Amino acid sequence: RAAKAAAQAQLQKDIAAQSHALALTTAAWVNRDLEIIDRMAESFGGAEMIRNVDPNAADMLRRAVASRPTWLDLILVRADGTIVARGAKGRLPIDPGAAWASQVLQDQKRLVIPLGGPSHGPQIVLIAYPLRREGRVVGALGNLISLQALQNALAALPLPEGSVIMVTDRE
């Protein structure tokens, strides 16, 4: 009996250690993907076409969207709310338009906005960034993220059955 209890206790410790390692791996993976989005917005902000809110930036946006499976669209918006360039991967399940840009321009900080999808609940998230030129906000860049594509990517991780992953923002 003591040996069986010891084996059971060791199994529980092993499962806890494996779960902890998987949680850390998953968190690192999700964090890396979100940091890529933040860095991309910063580097795009340094590109002259983006800083100038130039419609010719569409090709750059399309290449960026094509390189990331969870990204659906990048939307470049002028300070007046006019969409000037998009990098969409084809037909979108939802089109957020440009109304979100006024909030980004007003708050002058990154915003995360859950959007509805083709069925119930937010299945798409818009991560939006203000674009600055010479210290002045001149536009906004919005990145539509597919939560389903993110879920599919996470499903490839070797998680125990019944695992739940929650993504939150420190802000």
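This is a predicted model: local features need pLDDT of at least 70, side-chain atom pairs count only at pLDDT 80 or more; totals for chains, interfaces and linings use all residues.
Local features are reported at pLDDT of at least 70 and side-chain atom pairs at pLDDT 80 or more, whereas totals for chains, interfaces and linings use all residues. Residues are numbered from 1 along each chain as its sequence is written, and side-chain values use heavy atoms, with hydrogens and water left out.

The protein chain contains five helices and five strands. Helices (H or I, at least four residues) and strands (E, at least two) are DSSP runs, numbered from the N terminus. Along the sequence, these elements follow the pattern α-α-α-β-β-α-β-β-β-α. Of the 171 residues in the protein chain, 37% are buried. Here, buried means under 20% relative accessible area, exposed means over 50%, and partly exposed lies in between (1.4 Å probe, protein chains only). The protein chain exposes about 10,300 Å², of which carbon and sulfur atoms supply 54%. Accessible areas come from the Shrake-Rupley method with a 1.4 Å probe, and for residues only the protein chains shown count as cover. Among contacts (heavy atoms within 4.5 Å) with a separation of 6 or more, 50% join residues 24 or more positions apart.

In soluble globular proteins, nonpolar side chains tend to be buried together. A nonpolar core is a set of buried Ala, Val, Leu, Ile, Met, Phe, Trp, Tyr and Cys residues joined through side-chain atoms within 4.5 Å. The largest such core has 24 residues, and Ile37, Ile50, Leu61, Trp71, Leu74 and Leu76 touch the most other members. Two or more residues are given to this core by each of α1 (2–46), α3 (58–66), β1 (71–78), β2 (83–86), β4 (122–133) and β5 (136–146). The largest share, five residues, comes from α3. Another core of 16 residues lies apart from it, and includes Ala98, Ala101, Leu115 and Leu126.

In helix α4, the residues Trp100, Ala101, Val104 and Leu105 are buried. These residues lie on the same side of α4 because they cover an arc of only 135° around the axis; the arc is that of the directions from the helix axis to the C-beta atoms. An α-helix has 3.6 residues a turn, so residues three or four places apart point the same way. Ala99 and Gln106 are exposed on the other side of α4.

Gln106 belongs to α4, which spans residues 99–107. Gln106 counts as exposed because its relative accessibility is 65%. The C-alpha atoms of Gln106 and Val137 are separated by 9.2 Å, although the two residues are 31 residues apart along the chain. After α4 comes Gln108, which has a positive phi, near 55°.
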